[in-house]
Amino acid sequence: MPSDDNRRFARLRPRGRVASSGVIVLDPRKPALDCTVIDISAGGACIDVPGQTPIPARAILIHSGTRKSCRVVWRRGRRLGLQY
């Protein structure tokens, strides 16, 4: 049965000891913004950001000690899709 999901990488929900919180750096000269990691894969992540903070097209996601330069590929309200 073919899947309608055309993702390049399989997504994983953070579970157990994996941190579900992360930090997104919007500008190196400004404070980082806390975020919630909804799911994550080798090629990207889905995050939830608090409030109405404008998020630029490029940012840095820090999650579980890993720092990834990424770009925003979709937005739905406070939820963002990031690609590394």
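The points below cover the basis of the model, its strands, one loop and its rings.

1. A word on the basis: this is a predicted model, in which local features need pLDDT of at least 70 and side-chain atom pairs count only at pLDDT 80 or more, while totals for chains, interfaces and linings use all residues. Residues are numbered from 1 along each chain as its sequence is written, and side-chain values use heavy atoms, with hydrogens and water left out.

2. Have a look at strand β1 (residues 21-25), which runs antiparallel to β2 (residues 33-40) and is joined to β2 by 4 bridges. Strands here are DSSP runs of E with at least two residues, numbered from the N terminus, and two of them pair if DSSP finds at least two bridges between them. Serine 21 has threonine 36 of β2 as its bridge partner.

3. Strand β1 also pairs with β4 (residues 58-63), again antiparallel, through 3 bridges. There, valine 23 faces isoleucine 62 of β4.

4. Serine 41 is in the loop that links β2 and β3 (44-48). Is serine 41 buried or exposed? Serine 41 counts as buried because its relative accessibility is 11%, and the cut-off for buried is under 20% relative accessible area (1.4 Å probe, protein chains only). A polar atom of the serine 41 side chain is 3.2 Å from the backbone nitrogen of glycine 43.

5. Two charged ends sit over rings (NZ of Lys or CZ of Arg within 6 Å of the ring centre and within 35 degrees of the ring normal). Lysine 68 has its charged end over the ring of tyrosine 84, 5.0 Å from the centre. For arginine 76, the ring is that of tryptophan 74, with the centre 4.4 Å away.

Conventions
Buried means under 20% relative accessible area, exposed over 50%, partly exposed in between (1.4 Å probe, protein chains only). A polar contact is a pair of N or O atoms within 3.5 Å; within protein, one must be able to donate a hydrogen and the other to accept it, and residues adjacent in sequence count only if both atoms are side-chain atoms.
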